[in-house]
Each structure stands twice: as structure tokens, then as C-alpha cells.
Amino acid sequence: MPRRRQPADPRRETERWFLANGLSYFVPGERAAARAALRPRHLLPLAALVLLATAALGGTLGWVSQQVSAAPAVWLTLVILAALWYASTALHARPILTFALRRTVRSAPLLVGTAMRALPLLLLFVAFLFINAEAWEMSASLPFATHWLVVLLLLGIGVVFQLVRLPEEVDRADDAVDADFLERACRGTPMEATQVALAADPRVDVPAYARVTGFERWNLIIALLLIQLVQVVALICAVFVFLLVFGSIILQQETQLAWTGLERTHHVPYLGSVSAELVKVSLFLASFSGLYFIVSAVTDDTYRHQFFSVVTQELERAVGVRAVYRALRAQEEGVA
């Protein structure tokens, strides 16, 4: 006689759903592990070791290359990579990054459409600087390490812009929770049946569990930040490639020598029409374009509506499912 299939545990199914949707800190076990990894006795020794190792390596490379900017550029890059590694392992943030990348790929048509609206004015501004002798002279006089440091600095400024704005979007989502919100958010999720059952129980006030704080709030903020950063990096790459192609077509070597003040240009291996000076000025202007795009996301209501019309549903689902999940846990623990 075949065994009857045991009903799925909605809590466990929801926790798997959280992980699949980049909400690792919504799972109590993952949240506890991340909190433990941030305790000073775990974090400070590793941070000191990473800082010392990266400082030594950066200083060595700066001394060998005779470029002062190489040391901070290498140091900052390695610190960022170490932080990403620690976040994806000890802090259990890998599902957040995976979800952000997957979500960005799915919203590629929106990204293309938004870029097409932003690029004309942006390229007009960038082209004006691109055919400017002063921009070439400045870029040619700086080593690649300095250019990379500028790229990281501009992206860092963009991250600060986003961290000021994104918490408002999260707060707006959990402030709007009511019965209709919960029904809409939980539809098609492991909490759908539970939401219906709790909604029929007058003793349970599910919207009271909707406020998102602490690690869970930062989970949503980081997911939104990563989605937008991936878009910005894609835009930077597109502008960089465009400037390389555009410059290799219209700028002859004599023009580059006149604008840079150099005796000769240095060509990139296997790309005879692309000089190192062209790469430098293209990288600088492309990274500046990325900052422009981020600022537009903060100040342009049209872009904000387009971007958040896509992620609002994700936010609502996360907030709604979390509220029902917490209400269910509270009810079960109260019964126990």
C-alpha cells in the first residue's frame, strides 16, 4: 500500500523560497550565522590580517612600479574583494548576489530601454569631453592605477547616493501592508494557504509583523543596491566600448599626439588602432558616465518609476511573505 505523502512544512518551504529569492537574512539560521560572523572576536582578527596583507602587497607593487597611486588602488581593490568574499561565505550573502544577477538578466529589456533614454544626452556630454584636448592631456599624464582609483571613487560616491535613497523604498513597502497587500504578495508562494488561514483568524494581526528591521532590512537594501550596480556596470562597459570604437575610427595618431603632448602613443597588443591613451580617456569618461547614471536614478522621477515598477513586486512579495511567516512562527511558538 503506497504511503500517504506528508504535507509540506510551510515554514521550511518558505525558508527555501527566501533563499531562492535572495532573502537569506529572512531565515533565522542564516541571520544568526551572519550576526555571529560580525562579532568583534571573529571579525577584527581577520580584518587586521587582510588590511596588513593588502597594505604590504599594495606598497610592494607601488614601489616596484614606481607609481604612488598603485598602492592605494591595489589596496582598495583587494579590500573590496576580501569584503565580498567574507560576505558571500561567512555572512551567507551569496544568495543575495545570485538573485541580483539573475534579476538583472531578467530585466535586460528594461535596462536597454532605460539606457536608450539616458544615453543620447549622456553621449552628447561625453563626446564633448572626448574630443577635448585637455581631457586627453590629463588622462595621458595619469597612470592606469590612478584611473582605476578614480573608477572606484566614482562608484563609491554612487553607492552612497543609493544608500541614502533605497531605505525609503523599503520603508514605503512595509508601511503599505494590509489584508489586500498580504493576499496579493503571498499569491503563488509557500505562504499562500497560511495567509488565508491566518486572515480568517481574528486573534492574529498579521500586518503587525510587517515592519522590516535589522538584518532583514539591510537584506532588501543590499539586493536593490546590487541590482542597480549591475545595471550601472553594464552601462559603463557599453559607453567604454563605444568610445573605444568611436575613437579608433575618428582619431588619427597625429591628433592623439597633439592632444596628449606625447612623442609617441602606446598601442594595445593585437589592437593596432587602439592606443593606451585612448583606453585611459575612455575608461575615465565611462566611469564618469556611470556616476551620472546613478545620480539620474536618484533625481529623475521617470527612471525611478521605471526601475521600481519592476522591483516593487519583488519588495511587496518579500515583505508580505515575511509578515505571514513571522506571524505563523509566533503562533506556533505561542501554542508550544
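**Aromatic pairs and nonpolar cores**

Tyrosine 25 and phenylalanine 215 are both buried. The model is a predicted one. In it, the structure holds nine aromatic pairs. Tyrosine 25 and phenylalanine 215 form one of these pairs, in an edge-to-face arrangement. Their ring centres are 5.5 Å apart, and the planes stand at 85 degrees. Tyrosine 25 belongs to the loop between H1 and helix H2 (28-37), and phenylalanine 215 to helix H11, so the pair ties together parts that are 190 residues apart in sequence.

Another edge-to-face pair joins phenylalanine 18 and phenylalanine 26. Here the distance is 5.3 Å centre to centre, with 70 degrees between the planes. Phenylalanine 18 has a relative accessible area of 0% and is therefore buried. Phenylalanine 26 has 1% relative accessibility, so this residue also counts as buried, the cut-off being under 20%.

Aromatic residues also gather in a cluster. Its members are Phe130, Trp136, Phe242, Phe246 and Trp259. Elsewhere, a charge meets a ring. The charged end of lysine 280 sits over the ring of phenylalanine 144, at 5.2 Å from the ring centre.

The largest nonpolar core comprises 37 residues. Phe18, Leu23, Met191, Val206, Leu220, Val319 and Val324 touch the most other members. H14 gives the most, with 10 residues. A second core is separate and has 19 residues, including Leu244, Val274, Leu278 and Val281.

Leucine 23 shows which residues meet around one member of the largest core. Neighbours within four places in sequence are left aside here. Leucine 23 is then in contact with Trp17, Phe18, Asn219, Leu220 and Ala318. Of these contacts, Phe18 and Leu220 are also listed among the core residues that touch the most other members.

The cysteines were examined next. A search of the whole structure finds zero disulfides. Cysteine 186 has a relative accessible area of 0%, so this residue is buried. Cysteine 237 has 44% relative accessibility and therefore counts as partly exposed.

Terms used
Residues numbered from 1 in each chain as written. Predicted model: local features only at pLDDT ≥ 70, side-chain atom pairs only at ≥ 80, totals over all residues. Heavy atoms only, no water. Core = buried A, V, L, I, M, F, W, Y, C linked by side-chain atoms within 4.5 Å. Buried < 20%, exposed > 50% of the residue type's maximum accessible area, 1.4 Å probe, protein only. Helix = DSSP H or I, 4+ residues; strand = E, 2+ residues; numbered from the N terminus. Contact = heavy atoms within 4.5 Å. Phe/Tyr/Trp six-rings, centres within 6.5 Å; stacked < 30°, edge-to-face > 60°. Lys NZ or Arg CZ within 6 Å of the ring centre and 35° of its normal. Disulfide = S-S within 2.5 Å.
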